[in-house]
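Trainee: May we go through this structure together? I would like to begin with the surface and then turn to the helices.

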Amino acid sequence: TRRRAGNAALFRDAYARYCWPVDGLEGVRVAPFQILACQGRATALEPHAWHLETLATLTAPIIAPTRHVFVTLGSAGSRAAAVAWWESLTAAGGEGMVVKPAAHVAGRVQPGVKVRGREYLRIIYGPDYTESLDVLRRRFLGKKRSLALREHALGLEALARLADGEPGWRVHEPVFAVLALESEPVDPRL
């Protein structure tokens, strides 16, 4: 009972970081990391640095800066610095990060992978999830990865159609296809 009460307290602390009073939009904060389309142009495939530099120019109170780090994969020092950055971020209560290629890579490369921190995962998997890590490690993620790739491609198609000024029904075709894919049973916590 003490162990479960301790886990419940950690769970409460994890979700409490996402609870604060708001009044309309006053107090709401968003941290955007990508611009999907603008002024007749689909921008989703621009290099990630372009997105972050452009978004850094926004100064509205609702916008929180997106913390980020770029990693040189061939450098052990760069990789170690990124790991240290993530560990520091999550130890301070941060949710985690999204790992994505710095520039679009065609083919079967995930457009982004969420790397959540230990305490944030309590919100997703429940207070006692650390006692079931063996079960979580054995999950088959192939279906979710395949689904993510298909949904991403359909989303890019919808954005291209929107930016090209196509009629609404043409924009909605790939959007509805994404919704159809979402109707497939898959672990919603992934």
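Trainee: Which residues make the nonpolar surface patch of about 300 Å²?

Mentor: Please keep in mind that the model is predicted. Tyr-18, Trp-20 and Val-22 make that patch.

Trainee: Where does Trp-20 lie?

Mentor: Trp-20 is in the loop that runs between helix H1 (2-16) and strand E1 (37-38).

Trainee: Now to helix H3. Which of its residues are buried?

Mentor: In H3, the buried residues are Ser-78, Ala-82, Trp-86, Leu-89 and Thr-90. Down the axis of H3, these buried residues fall within an arc of 100°, so they line one face of the helix.

Trainee: Why might residues point the same way in a helix?

Mentor: An α-helix has 3.6 residues a turn, so residues three or four places apart point the same way.

Trainee: What do the buried residues of H3 pack against?

Mentor: They pack against strand E3 (96-99) and strand E4 (113-116). On the other side of H3, Ala-76 and Ala-91 are exposed.

Trainee: What follows H3?

Mentor: Gly-93 follows H3, and the phi of Gly-93 is positive, near 100°.

Trainee: A change of topic: is His-48 buried or exposed?

Mentor: His-48, which is found in helix H2 (residues 48-55), is buried, because its relative accessible area is 12%.

Trainee: Which residues does His-48 touch, not counting those up to four places away in sequence?

Mentor: His-48 touches Phe-33, Phe-70, Lys-100, Pro-101 and Ala-102.

Technical notes. Residues are numbered from 1 along each chain as its sequence is written. This is a predicted model: local features need pLDDT of at least 70, side-chain atom pairs count only at pLDDT 80 or more; totals for chains, interfaces and linings use all residues. Side-chain values use heavy atoms; hydrogens and water are left out. Patches are made of residues with over 30% relative accessible area and no salt bridge: like charges are joined within 9 Å, nonpolar side chains (Val, Leu, Ile, Met, Phe, Trp, Tyr) within 5 Å. Accessible areas come from the Shrake-Rupley method with a 1.4 Å probe; for residues, only the protein chains shown count as cover. A salt bridge is a side-chain nitrogen of Lys or Arg within 4 Å of a carboxyl oxygen of Asp or Glu. Helices (H or I, at least four residues) and strands (E, at least two) are DSSP runs, numbered from the N terminus. Buried means under 20% relative accessible area, exposed over 50%, partly exposed in between (1.4 Å probe, protein chains only). The arc is that of the directions from the helix axis to the C-beta atoms. Contact means heavy atoms within 4.5 Å.
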